[in-house]
Every structure is written in structure tokens, then in C-alpha cells.
Amino acid sequence: MHHGYVFATSLSLLLLAACSTAEWVNTNNPTANYTLDYNACEMDMTKDPKLQQGNRYFVQQTTERCMLKKGWMLKETQ
């Protein structure tokens with residue numbers, strides 16, 4: 001019975017997380033520049049030999065750190 005409760009709780013949290021979305025916002029940069037900055041971060045990331053192996057987690061983390069350095073923040077939307 002305990003395993004069913006843990007599974008149901010985990011599934012509920014996963015579904016709630018899937019329903020919420022987030023978007024990148026930057027108060028000092030227009031939204032139109034998002035794609036330019038994101039593509040620049042991806043290009044910089046591909047130059048790093050440690051990240052060229054294609055591990056999606058590390059690629060995503062590195063790209064997000066780059067976006068944060070450029071002043072972009074992830075904002076949750078409902």
C-alpha cells in the first residue's frame with residue numbers, strides 16, 4: 001500500500017510540473033533578442049570539448065548559465 005501512495009504522489013507532482021511552464025525574460029533586453037542570445041550561448045557551448053560529447057543535461061545547464069550571465073531569467077507562467 002505504501003508503494004502505491006509514493007507512486008501516486010510522484011505522479012501527481014510530475015503532472016503539476018508538466019502543467020506549469022517557464023519563459024525567459026530580460027528587463028534590459030527586448031524579447032526579440034532572446035533567440036540571438038540563446039543561439040550565441042549554444043555556439044559558445046559547442047566550443048567546449050567537455051560538452052561536445054552530447055550529454056543533454058550538461059548542455060542544458062551550460063546554456064542556462066550562459067543565459068543567466070546575459071541577464072535572462074526563467075519566469076514561471078501559469
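Analyst: One term before you start: contact here means heavy atoms within 4.5 Å. Helices (H or I, at least four residues) and strands (E, at least two) are DSSP runs, numbered from the N terminus. This is a predicted model, where local features need pLDDT of at least 70 and side-chain atom pairs count only at pLDDT 80 or more, while totals for chains, interfaces and linings use all residues. Residues are numbered from 1 along each chain as its sequence is written, and side-chain values use heavy atoms, with hydrogens and water left out.

User: Thanks! Which residues of helix 2 are buried?

Analyst: Asp37, Cys41 and Met45. Buried means under 20% relative accessible area, exposed over 50%, and partly exposed in between (1.4 Å probe, protein chains only).

User: And where do those sit around helix 2?

Analyst: They are on the same side of helix 2, because they cover an arc of only 75° around the axis. That arc is taken from the directions from the helix axis to the C-beta atoms. On the other side of helix 2, Leu36 and Met43 are exposed.

User: What covers the buried residues?

Analyst: Helix 3 (56-69) is included in what covers the buried residues of helix 2.

User: New topic. How many disulfides are there?

Analyst: One, counting a pair of cysteine sulfur atoms within 2.5 Å. This disulfide joins Cys41 to Cys66, with S to S at 2.1 Å. Cys41 lies in helix 2 and Cys66 in helix 3, so the pair ties together parts that are 25 residues apart in sequence.

User: Left-handed or right-handed?

Analyst: Left-handed, because the torsion about the S-S bond of Cys41 and Cys66 is about -75°.

User: Are those two cysteines buried or exposed?

Analyst: Cys41 and Cys66 are both buried.

User: Okay, aromatics. How many pairs does the structure hold?

Analyst: Two aromatic pairs. Rings of Phe, Tyr and Trp (its six-membered ring) pair if their centres lie within 6.5 Å; planes under 30 degrees apart count as stacked, over 60 as edge-to-face and the rest as tilted. The rings of Tyr34 and Tyr38 have centres 5.7 Å apart and planes at 35°, so that pair is tilted. Both lie in helix 2, four residues apart, about one turn of the helix.

User: What about Tyr34 and Trp72?

Analyst: Their ring centres are 5.6 Å apart and their planes are at 80°, so the pair is edge-to-face. This pair links distant parts of the chain, with Tyr34 in helix 2 and Trp72 in the loop between helix 3 and strand 2 (73-77), 38 residues apart.

User: Is Trp72 buried or exposed?

Analyst: Trp72 is buried, at 0% relative accessible area, whereas Tyr34 is partly exposed at 25%.
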